[in-house]
Amino acid sequence: MDSPQLNSLYQQLILEHYRHPRNKAELDEKTVEVHMANPVCGDEIRLQLRIENNEIAEAKFVGQGCSISQAAVSMMTTLLEGRSLDDADALAQRFTEMMHGSQDAAKDRSLGDLRALQGVSKFPVRIKCALLGFDALQEALKKGTHEATH
Amino acid sequence: MTSAFDPHRAREDFPALQQSVNGMPLAYLDNAATSQKPRAVLDVMDAYYEHDNANVHRGIHELSRRATEAYEAARVKAARWINAASADEIVWTRGTTEAINLVAASWGLDNIGPGDEILLSVLEHHSNIVPWQILAARTGATIRYIELDDQGRLLLDDLPRLLGERTKIVAISHVSNALGTVNPLHEIIPAAKAAGAVVLVDGAQGAVHSSVDVQTLGADFYAFSGHKMCGPTGIGVLWGRRDMLERMSPYQGGGEMIHIVGRDASSWAAVPHKFEAGTPNIAGAIGLGAAIDYLDTIGMDAIVRHEHELMAYAMERLRAVPGIRIFGPESLEERSAVVSFTMGDAHPHDISTILDAHGVAVRAGHHCAQLVMKHFGVPATARASFYLYSTREDVDRLFAGLDEVRAIFG
């Protein structure tokens with residue numbers, strides 16, 4: 001690649017998740033589902049969670065869009081199983097910090113494969129793509145918490 | 001003289017084209033979204049604000065006289081651009097979108113009722129779909145569509161079936177923004193008129209890339225925007241046949257559009273002012289007038305010839321790109337200076353980001369034409385669109401960028 005910035009954006013790990021997304025399937029026993037779309041570009045996902053005892057037991061998604069949005073949601077789902085709702089929310093916040101350029105967050109091992117997306121922070125118009133999955137997650141967590149307390 | 005047209009020289013007239021983006025000279029290939037502005041337009045607008053700024057049609061003082069004169073002179077230029085019979089048939093709007101909304105809200109509410117039909121095409125920009133959906137919801141009318149073939153051309157064989165006595169209006173684009181398809185208006189308009197329908201042409205792309213003569217076209221309305229043809233944003237034109245405009249209700253109420261205001265009712269100014277409530281975009285209109293002057297120095301024939309040659313070159317090279325899928329008509333005669341494409345696994349957004357890193361600006365997305373995207377079963381395409389200042393070098397830069405897309409996405 002000619003451009004070092006492009007190089008940092010299109011990491012092999014991102015392309016690998018884009019081509020072979022993890023947890024991309026319908027979740028029959030879902031307790032929460034959130035549809036999130038970016039009307040500007042047409043990227044969309046449906047995130048489905050099975051929440052049990054305030055914990056994410058299972059996470060799956062279906063969707064379509066650019067490599068950044070689809071890889072990010074794929075990576076995200078690999079980190080959700082077994083997490084408490086608070087913990088998942090903390091992950092979403094940590095990732096958002098990384099998207100807004102936090103070097104500290106970019107070194108945080110808890111973000112797992114998601115750290116490969118740190119190059120996106122240098123492409124302001126693409127940050128929304130990377131956040132699509134986490135926006136859906138935060139919405140799902142709100143719904144999940146709401147349902148648990150009612 | 002027009003044969004000596006040199007896009008490289010024209011390019012020098014456009015300050016925004018003189019810059020580098022991401023370390024590379026800018027190759028601006030997003031002209032279907034908006035064109036760049038020549039120095040001549042920017043200077044005229046600056047001069048207006050620096051010397052003549054005043055409200056129009058309101059004052060007796062010198063500045064108001066100058067502003068009104070320049071504003072109305074621009075209207076005459078806009079009339080000449082599409083060969084309108086009179087400048088009174090030129091209504092200033094914010095752009096094509098507002099022009100269509102004006103017709104839907106005014107003519108539409110006056111003339112459309114339950115069971116009436118509005119005929120559109122699947123090719124339309126959202127701005128020529130949604131205003132009609134709003135009208136249909138208010139009036140109980142039905143929307144019907146002319147479908148597309150696999151090259152994104154209108155299936156005109158269906159026209160006799162689609163046009164009936166219930167068809168009150170046919171609203172159709174001159175040129176598709178998403179695919180570049182040039183629609184055969186000379187076939188559609190006579191058929192629509194024969195069925196007794198009113199015809200509105202969305203000329204947002206049409207008035208940019210071809211000579212328009214509304215007197216021979218046969219439509220009732222023609223709408224276009226200034227910003228796609230070297231003018232500023234926020235100014236556009238609704239042309240309407242004078243008798244149509246005269247019969248129509250006002251669109252918005254306010255200053256300038258009235259004749260006499262009473263306590264319970266008022267009477268309206270003559271056309272076109274009846275449709276121009278409030279202080280208009282004076283600098284915008286004057287800027288569009290300057291854009292027309294600029295384009296006149298080049299000549300539409302020269303622009304059309306140049307764009308045609310460039311498209312021939314671009315299409316030949318594009319067809320050779322591995323993994324590419326090109327949308328729209330195969331024949332250059334049926335296509336404007338627009339090419340929409342996808343490439344293998346690479347999403348159009350990724351294509352656009354990679355091209356941007358090479359200083360090449362293209363549009364990626366659904367191009368406000370989601371029905372077109374659905375027709376082809378894709379969520380989005382990448383779109384390169386050319387204009388008078390586009391060069392072979394721009395096209396070559398596009399292909400260098402596409403090489404890298406392939407290197408990354410395989």
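Which residue forms a salt bridge with Arg153(B)? In this predicted model, the partner of Arg153(B) is Glu334(B), and the closest N and O atoms of the pair are 3.3 Å apart.

The setting of this pair is chain B, which is divided into domain 1 (2-30 + 299-409) and domain 2 (43-296). The count of salt bridges between domain 1 of chain B and domain 2 of chain B is one. The C-alpha centres of these two domains of chain B lie 28 Å apart. Contact between them involves 32 residues of domain 1 of chain B and 32 residues of domain 2 of chain B.

The size of an interface is often given as the accessible area lost when the parts come together. For domain 1 of chain B and domain 2 of chain B, the buried area is about 2500 Å², with carbon and sulfur atoms giving 59% of it. On the side of domain 1 of chain B, the residues that lose the most area to domain 2 of chain B are Met300(B), Leu371(B) and Tyr387(B), which together account for 22% of what that side buries.

The axes of helix 2 (residues 12-19) of chain A and helix 3 (residues 67-78) of chain A come within 8 Å and cross at roughly 85°. Because of this angle, helix 2 of chain A is roughly perpendicular to helix 3 of chain A. Helix 2 of chain A contributes Leu13(A), Ile14(A), His17(A) and Tyr18(A) to the contact, while the residues from helix 3 of chain A include Ile68(A), Ala71(A) and Met75(A). The residues of this contact divide into six nonpolar, five polar and no charged.

Conventions
Residues are numbered from 1 along each chain as its sequence is written. Chains are lettered from A and ligands numbered from 1 in the order in which they are written. This is a predicted model: local features need pLDDT of at least 70, side-chain atom pairs count only at pLDDT 80 or more; totals for chains, interfaces and linings use all residues. Side-chain values use heavy atoms; hydrogens and water are left out. Axes are lines fitted to C-alpha atoms, for helices over the stretch in contact, and angles run from 0 to 180 degrees between N-to-C directions. Helices (H or I, at least four residues) and strands (E, at least two) are DSSP runs, numbered from the N terminus. Angles under 35 degrees count as roughly parallel, over 145 as roughly antiparallel, 65 to 115 as roughly perpendicular and the rest as oblique. Contact means heavy atoms within 4.5 Å. Ala, Val, Leu, Ile, Met, Phe, Trp, Tyr, Cys and Pro count as nonpolar, Asp, Glu, Lys and Arg as charged, and the others, Gly among them, as polar. Domain bounds come from an automatic or database domain assignment. Buried area is the accessible area (1.4 Å probe) that two parts lose on being put together, summed over both. A salt bridge is a side-chain nitrogen of Lys or Arg within 4 Å of a carboxyl oxygen of Asp or Glu.
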